[in-house]
Protein chains: 4
Amino acid sequence: MTSVYREPIFDVAQLGHTELLTPTLEKSAAFFTEVYGLYPVAETADSVYLRAWNDDVLTSLKLTASPEAGLGHVAWRASSPQGLERRVAALTERGIEGRWIDGDIGHGKAYSFMAPGGHSMEVYFETEKFRPAPDQKPYLPNQPQRYNPHGVAAAHIDHINLLVPDVAASRAFQEEALGFKLRERLVPTEDNEVGAWLSLMTKSHDLALTREPAQTDGRLHHLAYAVETRDDVLKAADIFMENGVFLEFGPAKHSRTQGFFLYVFEPGGNRIEVFAGGIHIFSPDFEPVTWTTEAGGRGTAWGLAVPDSFHSHATPVLRG
Amino acid sequence: MTSVYREPIFDVAQLGHTELLTPTLEKSAAFFTEVYGLYPVAETADSVYLRAWNDDVLTSLKLTASPEAGLGHVAWRASSPQGLERRVAALTERGIEGRWIDGDIGHGKAYSFMAPGGHSMEVYFETEKFRPAPDQKPYLPNQPQRYNPHGVAAAHIDHINLLVPDVAASRAFQEEALGFKLRERLVPTEDNEVGAWLSLMTKSHDLALTREPAQTDGRLHHLAYAVETRDDVLKAADIFMENGVFLEFGPAKHSRTQGFFLYVFEPGGNRIEVFAGGIHIFSPDFEPVTWTTEAGGRGTAWGLAVPDSFHSHATPVLRG
Amino acid sequence: MTSVYREPIFDVAQLGHTELLTPTLEKSAAFFTEVYGLYPVAETADSVYLRAWNDDVLTSLKLTASPEAGLGHVAWRASSPQGLERRVAALTERGIEGRWIDGDIGHGKAYSFMAPGGHSMEVYFETEKFRPAPDQKPYLPNQPQRYNPHGVAAAHIDHINLLVPDVAASRAFQEEALGFKLRERLVPTEDNEVGAWLSLMTKSHDLALTREPAQTDGRLHHLAYAVETRDDVLKAADIFMENGVFLEFGPAKHSRTQGFFLYVFEPGGNRIEVFAGGIHIFSPDFEPVTWTTEAGGRGTAWGLAVPDSFHSHATPVLRG
Amino acid sequence: MTSVYREPIFDVAQLGHTELLTPTLEKSAAFFTEVYGLYPVAETADSVYLRAWNDDVLTSLKLTASPEAGLGHVAWRASSPQGLERRVAALTERGIEGRWIDGDIGHGKAYSFMAPGGHSMEVYFETEKFRPAPDQKPYLPNQPQRYNPHGVAAAHIDHINLLVPDVAASRAFQEEALGFKLRERLVPTEDNEVGAWLSLMTKSHDLALTREPAQTDGRLHHLAYAVETRDDVLKAADIFMENGVFLEFGPAKHSRTQGFFLYVFEPGGNRIEVFAGGIHIFSPDFEPVTWTTEAGGRGTAWGLAVPDSFHSHATPVLRG
């Protein structure tokens, strides 16, 4: 008897948007618009909605005032209404009790649920595309917005890294329920999976899950936007430097994903990455890579040491 | 009654490999290995099999001796065995009479058929991955082969451009039968579609179909491999120049796809591109862009004129 | 008897500043500040003074309202007061009748003279350095101004190209009087020197002299500012495109100088270049290169044809 | 009475070549040719002579077998025979007792002397230019050698960093005797100059002098070749990684010079840099920058910590 080949699931297409909580909304919004290079598109009493110039959706980032920094929610966009229904069914099958919400600025109805690991997630399909005002119209119609770079000029939302108490369990859940493909994992000692890099389509990762070092859950490690080249990350470093932004880690090259990275903190305390490159995964049967040699560490390709803060700092920050 | 949303098809994942015909096999092989930077992996009486350092499959290019240059066949890799079956069924439904072949070096059984437009195509799933010899092992295990660049160092197979007599018909066929997504099309006058750019997953295009100017069919416009950055394309221009290779067109920026391109001819006469960038399409409901303003032309983003040869030369070359 | 080695002269150090005339002062100033990325530093009734972020002097460009576009003057900065005196003596020896002027915003007394070829030139030493306001202070004190790029972000003044009726004579004059070193020249047919590229220190050129095609003199071919990399020139092309600026020629690579170039017209009609790279000349006895193979043309390294306008357009524009 | 302006001296033009000592000549030569990307041009019983593709002289590096790693000598090329005579006179005036040597492969007679700090130096003018063999001829005649990159493809010799017991004294000597211009210095506490960056013409530095931490003299900190862009340094990091070369420090950005750097050790133990960028100094009266804020450290622009080895390791290595 032959076993049946397990088909990849393509019901979810992309990291749609993220909501970050910040105790310093005004300063955070200033950082993201003036230094990181995003554009404001809407505002409510407690939130500011932002977009990157090369996001084709209206908004990819919602900043919400809150006593503490951290993740509001992360939202995955389905490939179709049917795909959305199948994923909601798969979540329900796995005992997830979510609820349908009406939507928000930029998107329609969404299924909201708590993922294993304690992070609020949404999955949705209906989305408002960005329609440029006349002075934002690009010269080339295959681009959402005029390229008129300022600051880091972050180009589009790329991936998110969440801390979870049980990486293997959370990772398996995301594979089965939402259709994430496992690309790489870090298992320094047997059965001790401390990191997993997962993607929806052809990127090196849309979601990274790494081990929560503390007795808590639901924390954010970092949110990343992409720029086009490694040189753009170096230019970002120059711009952060000129603007008094502390560079926590990088620019350097990851070993996992091979992405070229730079991490900073936005004024609210959330860690934000500028990312370029990363392996491209075109093969539908890419064989997941298991890393074992770097005990406990995330490592970098060229040997740059990982700063302690990268292992300890996450949002919300824990109080002694 | 509400209409049903048409789900995207993800049964085919990538441009798997291409066979090019050449009247000068030895010289063509030397060009691809010494200047373009590919690696030979196998050889038969009439053919040489090549790979790029960042292809994860064993081989992506087969060069075959033939009286005339042109396309041997282009082969699309399915996402799964089930996806392959569904696509073969879809082909059959559309009256395509293909046949199963046993496979070739680098892949297993494949369904071979003649596409509208006169090009020999294959669709297949079983593939041999590249297993590096000890001296080809990369330092990072998430990469297929050591990066030890020589020549242009073409990184991976990217897309192919075929000339077809009826672009609209061929394009619709590829959408329906294989699941290509239409990204952009050039329709200079009503109902006169002269170009279509189609992709399988998130790239700007895996397949371009442009109007055959002559009373023939089955011709190749160009085959493209990707490099990482626009600067890599500029370096490729320097290397072609130093090696006496005529640069037909570029480096410059396409308007369609926004790719950064450089076209040369390999010694057999086939047009070969070095490509970087291109728009990234993450939205599952990307709205196809219709270009109307450039009558008959392919155009470039910055205004560089398209050389006449780009509109007239294709392989096989027509005899007066 | 042994001949005496002719020592290089280093009395003049750099292209200090240029004055461009424009019939559309306001629009020209807007182009240079908003698109080209320069900064205004002073203004008089008829002129606007500008600087690039990486110029260490107060100002490198003066725009002056005038009925016609063209060159106001080009000013060379001496290496020392003594070097200035020696160069004025050398000019006088050669029959040049100039005069001392008091200076202008940004520099002290200067010797003003008409160069063979009909261009107004100055040579001077006393210069006002740029002192950044608190909000312009760079993080690194070895840089004149904070790097906060906007538009093309032209970095520093680089070189100027003047049209002269007799290239060989003008070139010899500049070598002998000001100490320019001949780097390359274009002599398509014997004794017919149509281009000369000259530099003061280690750049590929600070001054290019090319043949005036018309029965006139004193015209400007182009003024160039530098950016750091070839990729920055590509980004400049994108930015010009988005801002509706016509790209006359480039981006591409020069054969002479090997610089990577892009030419546009500022609203007043003067041709402006964005330049990167260029050969570095560290050897004090660099052997000038004589090009003969490209009859009459300026040529490009990769074969891109030179547009007719590049041979015919200069400022002031001639009236039929 | 007015003081006399001190004219800059341009009698010395460039870092001509360097001799490195190595206990593992064969392995060192293999590293420099296969990984670093230099070319061998001559060989004697004990030495191998190398060149970079963009050096216009025959050779810029001599590797000599020796029991211990370190500097053989560093040689400065004069701008003219007259400049050479003036510099020898200036050395003699300062009590230096050197001697004329006949020359070596690649250059003619040279004045050899011991510089304060214990390093063997030469100053010379007569130099053999590189004449490419037919298969090394570049397409563009303004380039010394065909660009056919392999490995890191180091482009030309750039600068050298020597450890000296008394930085202020050594620095003043080099300014007065050879005409170096002081560009930047590090003086963390009053009168305690621990680093000086000096240049001959327009580069950020040709010579760096930093404080010898041990009770010794004559040691080499590092030798650097340049590549064109920061991205080329990143590619060098990838290539070193793939070839098993330990990356000591970088890629990152220096605060002094703003150069983009990467340090590795060649098999003999000498520290070798790949360098790009660096500030350009066109003003003849550039005001030297005094850094005081980074007590004892060399620092980096973006905050990357300097590894201990960078402060302690030099060649020859001291024995406990």
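## Reading the interfaces of a predicted model

Visitor: Why do you start with an area?

Guide: The size of an interface is often given as the accessible area lost when the parts come together. For chain B against chain C, B:Arg230, B:Leu234 and B:Trp302 supply 47% of the area that chain B buries, more than any other three residues.

Visitor: How many residues does each chain bring to that contact?

Guide: Chain B gives 14 residues and chain C gives 14 residues.

Visitor: And how many salt bridges cross the interface of chain B and chain C?

Guide: There are 4 salt bridges. To find one, look for C:Arg230 and B:Asp238, whose side chains meet with N to O at 3.1 Å.

Visitor: Okay, now chain A and chain B. How much area do they bury between them?

Guide: About 4,000 Å², with 55% of it on carbon and sulfur atoms. Here 49 residues of chain A are in contact with 49 residues of chain B.

Visitor: What is the count of salt bridges between chain A and chain B?

Guide: The count is 8. One to click on is B:Asp285 with A:Arg77, where the closest N and O atoms are 2.7 Å apart. Polar contacts join 24 residue pairs across the interface of chain A and chain B. On the side of chain A that touches chain B, the elements giving two or more residues are β1 (12-22), β5 (70-78), α2 (81-93) and β17 (289-291). The largest share, 4 residues, comes from α2(A). By class, that side of chain A holds 20 nonpolar, 16 polar and 13 charged residues.

Visitor: How are chain A and chain B arranged around each other?

Guide: A rotation of 180°, with 0.0 Å of shift along its axis, puts chain A on chain B with an RMSD of 0.0 Å. The two copies are therefore related as by a two-fold rotation axis. Also, 100% of the interface residues of chain A are interface residues in chain B too, so the copies meet through the same surface.

Visitor: How do I read a helix?

Guide: An α-helix has 3.6 residues a turn, so residues three or four places apart point the same way. Now take helix α1 (residues 25-35) of chain B: among its buried residues are B:Leu25, B:Ser28, B:Phe32 and B:Val35. Just after α1(B), B:Gly37 has a positive phi of about 90°.

Visitor: Can we finish with a single residue? Is C:Ser199 buried or exposed?

Guide: C:Ser199 is buried, with a relative accessible area of 0%. You'll find C:Ser199 in strand β11 (residues 195-199) of chain C. Its side chain makes a polar contact of 2.7 Å with the side chain of C:Arg183. Leaving out residues up to four places away in sequence, C:Ser199 touches C:Phe180, C:Lys181, C:Arg183, C:Ser204, C:His205 and C:Asp206.

Key
Residues numbered from 1 in each chain as written. Chains lettered and ligands numbered in written order. Predicted model: local features only at pLDDT ≥ 70, side-chain atom pairs only at ≥ 80, totals over all residues. Heavy atoms only, no water. Least-squares fit on C-alpha atoms with pLDDT ≥ 70 in both. Contact = heavy atoms within 4.5 Å. Buried < 20%, exposed > 50% of the residue type's maximum accessible area, 1.4 Å probe, protein only. Buried area = accessible area lost by both parts, 1.4 Å probe. Polar contact = N/O pair within 3.5 Å; in protein donor to acceptor, adjacent residues only side chain to side chain. Nonpolar A, V, L, I, M, F, W, Y, C, P; charged D, E, K, R; others polar.
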